[in-house]
Every structure is written in structure tokens, then in C-alpha cells.
Amino acid sequence: MSDDRNVLGGALEECGTDPVTGFYRDGCCNTGPQDAGNHTVCAVMTGEFLQHQREIGNDLASARPHLGFPGLRPGDRWCVCASRWLQSYEAGVAAPVVLAATHARALEVVPLEALREHAVDVPADPSSLL
């Protein structure tokens, strides 16, 4: 059981498994000493965000099979580098963020208020929204 925490102080939840995300490709935005990019923000891809990332030299949309990277499409959840997400935030094109799946280390780079502005968290039991 992991003791990694999310930006809200709770247990870190899964970000995405289709495609499988995370620096360690475990579906979570876990991080460690090997993760120099701080891949800790669980972002929901949008066309606008993907385009901006491409423009700043971080092409997330193109597949790279030799690296096991499928390329991302709008709607995919992906653990992005905190600094890259912040660049898009500052440009006005931040991707939505799943706070419960965003690692607390993201706060070393991104203010919690910025993440909260783009939060798209849903309850564990979505039927409560009915």
C-alpha cells in the first residue's frame, strides 16, 4: 500500500489506466528521485492543452511506439510535469485537474489555488450526483 499523498492531504488516487499513465506506468502520479520532471499533476487532456504543449516543445499527442507511448487525445487522463502544466496555466489553457490523483509534490511548483481553479474531481460514487 502506498503512502503517497495527494494535494488535498488524502491518499493518492489512480489517475488513469487507458492509457496507463504515471512516471512508473502504474496508473498513478507517483514520483521519486528518478522523476526529474515531477510528473505529478493528473490532468484531463483537452485539444487546447495538447496544442499548447506541442507549441512549447512537449508533444503529447504524437505516438512514440518505441517508448511505449500511445499519444494522447482529449479526454485522456495523464500525469503531466507540474512545470509544464503551470506553463499552460499561465498561458490561459490549463488542462482540468483531478485533485485526488495529483501528487502533493506538485505543490512544490504549482500553487494549490491554481489547481483548484481547474479541478474536475467527482465523488467516488457518481450516483450521488443524481
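## Disulfide pairing

With the bonded cysteines of the chain numbered in sequence order, the pairing is 1-3, 2-4. The model is predicted: local features need pLDDT of at least 70 and side-chain atom pairs count only at pLDDT 80 or more, while totals for chains, interfaces and linings use all residues. Residues are numbered from 1 along each chain as its sequence is written, and side-chain values use heavy atoms, with hydrogens and water left out.

A disulfide is taken as a pair of cysteine sulfur atoms within 2.5 Å. By this rule there are two disulfides. In one, the sulfur atoms of cysteine 15 and cysteine 42 lie 2.1 Å apart. This pair links distant parts of the chain, with cysteine 15 in the segment before S1 and cysteine 42 in strand S1, 27 residues apart. The link of cysteine 15 and cysteine 42 is right-handed, with 85° about the S-S bond.

Cysteine 29 and cysteine 79 are also joined by a disulfide, S to S 2.1 Å. Here too the pair links distant parts of the chain: cysteine 29 is in the segment before S1 and cysteine 79 in strand S2, 50 residues apart. The link of cysteine 29 and cysteine 79 is left-handed, at -95° about the S-S bond.

## Burial of the cysteines

Residues are called buried under 20% relative accessible area, exposed over 50%, and partly exposed in between, using a 1.4 Å probe and protein chains only. Cysteine 15 and cysteine 42 are both buried, and so are both cysteine 29 and cysteine 79.

Cysteine 28 is buried because its relative accessible area is 16%. For cysteine 81, the closest cysteine sulfur is again in cysteine 79, at 10 Å, too far for a bond. Cysteine 81 has 16% relative accessibility and therefore counts as buried.

## The strand pair

Helices (H or I, at least four residues) and strands (E, at least two) are DSSP runs, numbered from the N terminus. Strand S1 covers residues 39-44 and is mostly covered, five of its six residues being buried. Strands pair if DSSP finds at least two bridges between them. S1 and strand S2 (residues 77-81) run antiparallel and are joined by five bridges. Cysteine 42 has cysteine 79 as its bridge partner in S2.

Threonine 40 is also found in strand S1. With a relative accessible area of 0%, threonine 40 is buried. Contact means heavy atoms within 4.5 Å. Leaving aside neighbours within four places in sequence, the contacts of threonine 40 include Cys29, Thr31, Val80, Ala82, His103 and Arg105.

## Salt bridges

A salt bridge requires a side-chain nitrogen of Lys or Arg within 4 Å of a carboxyl oxygen of Asp or Glu. The structure holds two salt bridges. One is formed by arginine 54 and aspartate 59, with the closest N and O atoms 3.3 Å apart. Arginine 54 counts as partly exposed because its relative accessibility is 39%.

Arginine 105, one of the residues in contact with threonine 40, forms a salt bridge with glutamate 108, where the closest N and O atoms are 3.3 Å apart. Arginine 105 is partly exposed, at a relative accessible area of 27%, whereas glutamate 108 is exposed, at 57%.
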